[in-house]
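Visitor: I'd like to learn how to read a protein model. Could you walk me through one?

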Amino acid sequence: MKRLIIILLPLSISGLIQAATLDGKEVPIHHVSSDNCLECHQTIYKQWKGSMHAKSTALKDPIHGAIYRKMVGDPTKENVKVSGKYPVCLQCHSPNAALDQTTKLDAKPAYSEGINCVACHTMKRYKGLYGKDGKMQLGQSAYELSDSLQGPNGFLHEQGQGADKLRSHLDEEGELNPHLGRDNKGQPYLTDKEVQAVDLPMVANSTLKTSAACLGCHDKRKNSKGVALCETGDEYLEGKSRQNCQSCHMPISGGLADHSMGGGYSLAMLKRSVRLDLMSQKVGDRLTIDVMVENMQPHNVPTGAPFRNMYLKLTALSADGDVLWQNFQTHPAKEDPKAFFVYTMMDDANHPVPPPMASKVGKNTRLKPYETRVLIYNIPASGVDSVRAELYYNLLWPGMVKKMRRLPAALKAPKRFAWFEEKIR
Ligand code: HEC
Ligand code: HEC
Ligand code: HEC
Ligand code: HEC
Ligand code: HEC
């Protein structure tokens with residue numbers, strides 16, 4: 001009887017809704033851990049588990065963790081406030097916690113998992129980043145949410161009849177399909193003793209086939225002074241791409257949409273981000289080198305968090321491999337600024353400051369969508385046998401690398417992701 005009443009409740013009072021059934025117990029869908037999907041969706045689970053989406057909270061991402069603890073507070077405490085308000089970070093970094101307005105992220109796996117399966121697969125409609133009052137609604141709050149899972153491919157409710165009912169929940173591989181919904185008595189479909197009652201109702205929704213599935217969190221974010229901290233979505237519109245985010249970030253592998261969703265943390269993803277080429281010409285005792293860097297993306301490279309940056313290292317080598325010339329000794333920031341692709345933030349006195357304090361953008365020399373940048377060098381030709389161009393990616397600004405001493409070294413080390421070498425004729 002109780003179940004029937006709960007099912008008839010309107011959808012809008014989320015949090016009170018008892019939508020899913022696990023181990024015979026009813027729970028709100030946003031409390032369902034990704035571990036409950038693992039058994040049947042092993043490949044996708046593993047891809048997601050290795051992604052930054054699964055590590056998006058202060059408990060799991062060392063960089064976000066360090067900054068969150070400093071700017072916001074302890075992710076294991078309740079009632080943490082920023083200027084008297086619930087921390088906006090969690091709308092994107094731990095959407096299930098944001099729904100419950102809690103800041104104690106270790107209270108439930110569904111919180112500490114960050115952007116987990118149900119966080120994305122309950123997004124029913126993208127409302128856009130601006131509410132009726134003109135105020136920004138970010139992350140989770142940019143979406144109308146559902147208490148049923150959303151099936152991007154157009155989920156079919158193929159139901160059997162009578163005695164065949166239980167059998168009809170078995171798919172071709174013999175796996176149980178818990179997404180079929182309840183029968184007309186309000187009972188979960190799968191009450192098989194071996195599996196326990198599992199009921200994760202699903203409806204068809206093609207929104208997840210579009211960039212709208214990403215833009216609530218990835219479009220843009222500004223600091224309190226209105227300065228853009230990241231704006232992948234705005235960059236994208238400038239590039240006027242017809243491609244959706246999924247076409248690159250969720251390619252089909254092994255017959256399924258890949259959930260690894262790599263970016264700056266993924267060397268493989270970085271390797272396909274640009275085309276690097278060089279041309280050299282000897283004139284007398286000088287060598288002119290044109291280094292060409294082409295952005296293959298409809299968004300900036302680097303994109304996202306303001307501190308992402310990259311630089312070019314150009315070396316001239318002798319036949320024995322000795323370095324005869326290099327475009328910088330310690331770092332190109334001062335020695336060869338054009339080789340530093342960076343976004344910097346400043347205060348009114350033009351001093352570089354951390355993102356929350358910035359009142360303006362310092363410089364933005366990141367590659368624009370599809371831009372080809374040519375860097376020209378003129379160096380002594382004597383003894384030069386070959387020239388080598390290498391691009392290095394950094395998650396953090398050099399200043400942050402120095403300050404954040406406790407971060408694992410791997411997160412601070414420059415990653416070489418593109419290279420090109422040419423013999424001088
Ligand atoms: C960041 C958002 C996001 C997260 C997190 C996420 N998904 Fe998805 N998922 C999507 C999108 C978007 C698609 C549709 C991709 C397409 O078809 O272009 C999708 C597709 C799928 C599909 C259909 C795949 C296919 O190719 O037929 C399954 C199954 C699925 N997700 C399961 C899961 C499970 C299980 C988890 C957690 C382990 C998960 N998803 C986490 C966004 C997400
Ligand atoms: C008991 C097994 C089982 C569990 C547990 C399970 N699923 Fe599924 N799921 C299935 C089966 C079976 C299908 C249908 C597969 C197919 O036809 O490709 C499916 C399909 C899907 C699809 C694709 C729908 C579409 O339109 O393409 C998504 C998304 C999905 N599940 C998400 C989840 C999420 C999220 C969880 C955890 C909260 C979960 N599933 C837990 C068995 C399961
Ligand atoms: C609920 C908010 C949310 C949604 C929806 C979402 N993301 Fe994310 N995404 C994040 C957050 C937060 C991070 C950063 C996590 C971190 O580094 O701590 C992230 C990180 C990423 C990264 C960077 C990974 C790296 O290596 O640095 C990529 C790429 C990405 N998301 C792509 C997507 C795509 C594509 C979609 C849509 C299919 C999507 N995201 C949907 C919040 C979201
Ligand atoms: C043509 C392929 C392509 C498309 C389309 C694409 N991306 Fe990317 N994206 C990449 C590559 C390659 C990288 C790695 C290089 C970099 O970080 O700039 C990347 C990096 C990222 C990152 C990582 C930023 C970080 O801080 O590490 C995010 C976030 C991201 N993309 C979001 C999106 C979103 C959102 C969309 C859709 C609006 C999208 N991308 C569309 C190829 C693509
Ligand atoms: C609108 C959604 C949104 C909000 C709100 C948000 N972030 Fe993020 N954040 C992201 C996304 C998406 C990424 C990763 C992709 C990128 O770099 O753009 C990210 C990345 C980060 C990173 C880099 C993580 C890494 O691994 O390098 C830090 C640090 C960060 N956010 C801190 C915060 C803090 C602190 C707050 C709250 C004051 C916050 N964010 C609020 C969406 C958001």
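Visitor: How many helices and strands are there in the chain?

Guide: This is a predicted model, and its chain holds 15 helices and 20 strands.

Visitor: What share of contacts joins residues at least 24 apart?

Guide: Take the contacts between residues at least 6 apart in sequence: 62% of them join residues at least 24 apart.

Visitor: And how many of the residues are buried?

Guide: The chain has 425 residues, and buried ones make up 45% of them. As for the surface, the accessible area of the chain is about 22600 Å². Carbon and sulfur atoms account for 55% of that area.

Visitor: Is Cys92 buried or exposed, and why?

Guide: Buried means under 20% relative accessible area. Cys92 has 15% relative accessibility, so Cys92 counts as buried. Cys245 is buried too, because its relative accessibility is 16%.

Visitor: How many disulfides does the count come to?

Guide: A disulfide needs a pair of cysteine sulfur atoms within 2.5 Å. By that rule the count here is 0 disulfides.

Visitor: What does Val291 touch?

Guide: Leaving aside residues up to four places away in sequence, Val291 touches Leu276, Asp277, Leu278, Leu312, Leu314, Arg373, Val374, Leu375, Tyr377 and Ala389.

How values were computed:
Residues numbered from 1 in each chain as written. Chains lettered and ligands numbered in written order. Predicted model: local features only at pLDDT ≥ 70, side-chain atom pairs only at ≥ 80, totals over all residues. Heavy atoms only, no water. Buried < 20%, exposed > 50% of the residue type's maximum accessible area, 1.4 Å probe, protein only. Contact = heavy atoms within 4.5 Å. Helix = DSSP H or I, 4+ residues; strand = E, 2+ residues; numbered from the N terminus. Areas by Shrake-Rupley, 256 points an atom, 1.4 Å probe, with all protein chains shown as cover.
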